[in-house]
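Subject: Structure handover

Hi,

Here is the structure for you to look at. My notes on it follow below.

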Amino acid sequence: MTDAPPPAVPTAVVIVAAGSGTRLGHGLPKALVPLAEAPLLLHALRGAAGSGVAQQICVAVPPADAELTEFCHTFAEELGDAGPEIDVVEGGATRADSVRAALAALAPGTVHVLVHDAARPLTPPEVFHRVAEALNRGALAVIPAMPVVDTIKSTAPTEGDAASIAAEVVTGTAVREQLRAVQTPQGFDVGTLLRAHEVASRWEPDQAAAITDDAMLVESLGTPVYVVPGDLQSFKVTTPMDLHFAETLVAAQGG
Ligand code: C5P
């Protein structure tokens with residue numbers, strides 16, 4: 001394990017945990033779904049706090065949620081003065097709304113922020129360190145990413161007679177060597193990310209609905225987004241199979 005980089009400037013982690021998790025089929029907010037008897041959020045909180053990169057962690061939970069809020073408060077009590085300050089805010093209808101709510105609660109003077117998905121419970125500390133180090137070296141935006149193993153094609157719905165053959169037809173094939181599967185935590189200069197979200201808050205609804213990460217908002221400002229290596233263990237828990245895989249990994253590591 002690499003050591004945490006020295007906290008060069010005031011740094012926060014935002015954890016977005018306000019998603020519904022319908023694809024996991026638990027009938028619970030995704031962040032509450034248990035992994036090795038602890039909610040996904042608790043794993044993400046431990047990972048972020050344990051990485052040592054931030055003085056504050058701000059968690060966005062579903063509106064009117066009591067249980068995840070309680071988990072955060074209990075975790076904060078366990079950490080005591082030894083760890084970062086833990087704050088909880090109400091998330092919004094979309095991931096971008098949840099990020100915006102958390103950014104509004106950052107301590108005054110925060111310079112760097114790492115935005116992380118609660119749905120990535122097993123992100124190793126090294127990934128937090130790589131992102132924080134790139135910010136400390138002057139990046140305004142940095143993402144962890146992995147090479148893509150599958151060939152990626154674009155498709156369109158079939159029409160007319162072709163629709164009786166299959167629902168979709170291929171429209172193109174991307175150059176795999178240039179593609180990356182992007183993870184979190186994504187790191188930003190706070191002013192840059194706030195400006196990017198402010199611009200995106202005025203986007204048309206269909207454009208706003210296509211926001212899947214924070215880096216794409218910064219890209220739209222024309223700001224370079226740097227890429228550091230992600231980690232296979234930083235996968236997003238989305239389906240029951242992902243959860244099963246996460247359970248297996250935790251058990252193999254004696255957790
Ligand atoms: O939707 P997706 O699974 O990509 O969600 C990624 C992360 O964004 C999850 O940690 C989820 O809890 C969070 N999210 C949120 N608020 C929403 C939707 C998603 O905090 N409205």
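Which backbone atom lies 3.2 Å from a nitrogen atom of the ligand? It is a backbone N or O atom of A93. Please keep in mind throughout that this is a predicted model.

**The ligand**

Start with the ligand's surroundings. The ligand sits in the largest pocket. Around the ligand there are 15 residues. The closest are V16, A18, G19, S98 and K236.

A118 uses its backbone: an N or O atom lies 3.2 Å from an oxygen atom of the ligand. On its own, the ligand has 460 Å² of accessible area, and the protein covers 84% of that.

**The aromatic pair**

How many aromatic pairs does the structure hold? One. The rings belong to F235 and F245. Their centres are 5.1 Å apart and their planes meet at 40°, so the pair is tilted.

F245 has 45%, so F245 counts as partly exposed. The cut-off for buried is under 20%, and exposed starts over 50%.

**The cis peptide bond**

Now go to T184 and P185. Most peptide bonds are trans. The bond that joins T184 and P185 is cis, with omega at about 10°.

T184 is found in the loop between β10 (180-182) and β11 (186-189). P185 lies in that loop too, between β10 and β11. T184 has 3% relative accessibility, so T184 counts as buried. P185 is buried as well, with a relative accessible area of 0%.

What does the side chain of T184 contact? The side chain of H116, through a polar contact of 2.7 Å.

Most residues other than glycine have a negative phi. Here are two residues to check against that.

A36 is not a glycine, yet its phi is positive, about 50°. A36 is found in the loop between β2 (34-35) and β3 (38-39). With 32% relative accessibility, A36 counts as partly exposed.

A64 also has a positive phi, about 65°, and is not a glycine. A64 lies in the loop between β4 and α2 (67-79). A64 is exposed, because its relative accessible area is 73% and the cut-off for exposed is over 50%.

V53 is found in the loop between α1 (40-51) and β4 (56-61). V53 is buried, at 5% relative accessible area. From V53 to S164, the C-alpha atoms are separated by 55 Å. Along the chain, these two are 111 residues apart.

V218 lies in helix α7, residues 215-219. V218 has 0% relative accessibility and counts as buried. The C-alpha atoms of V218 and R195 are separated by 8.4 Å. That pair is 23 residues apart along the chain.

V170 has its place in strand β9, residues 168-173. V170 is partly exposed, with a relative accessible area of 47%. Its C-alpha atom is separated from that of A12 by 42 Å. V170 and A12 are 158 residues apart along the chain.

**Where to look**

Then turn to the cis bond between T184 and P185. Finish with the tilted pair, F235 and F245.

Best wishes

Technical notes. Residues numbered from 1 in each chain as written. Predicted model: local features only at pLDDT ≥ 70, side-chain atom pairs only at ≥ 80, totals over all residues. Heavy atoms only, no water. Phe/Tyr/Trp six-rings, centres within 6.5 Å; stacked < 30°, edge-to-face > 60°. Buried < 20%, exposed > 50% of the residue type's maximum accessible area, 1.4 Å probe, protein only. Near = heavy atom within 4 Å. Polar contact = N/O pair within 3.5 Å; in protein donor to acceptor, adjacent residues only side chain to side chain. Areas by Shrake-Rupley, 256 points an atom, 1.4 Å probe, with all protein chains shown as cover. 1 Å grid on protein atoms, 1.4 Å probe; cavity = no way out; pocket = protein on both sides within 12 Å on 5 of 7 lines; lining within 4 Å. Sits in = over half its atoms within 2 Å of the grid points. Helix = DSSP H or I, 4+ residues; strand = E, 2+ residues; numbered from the N terminus.
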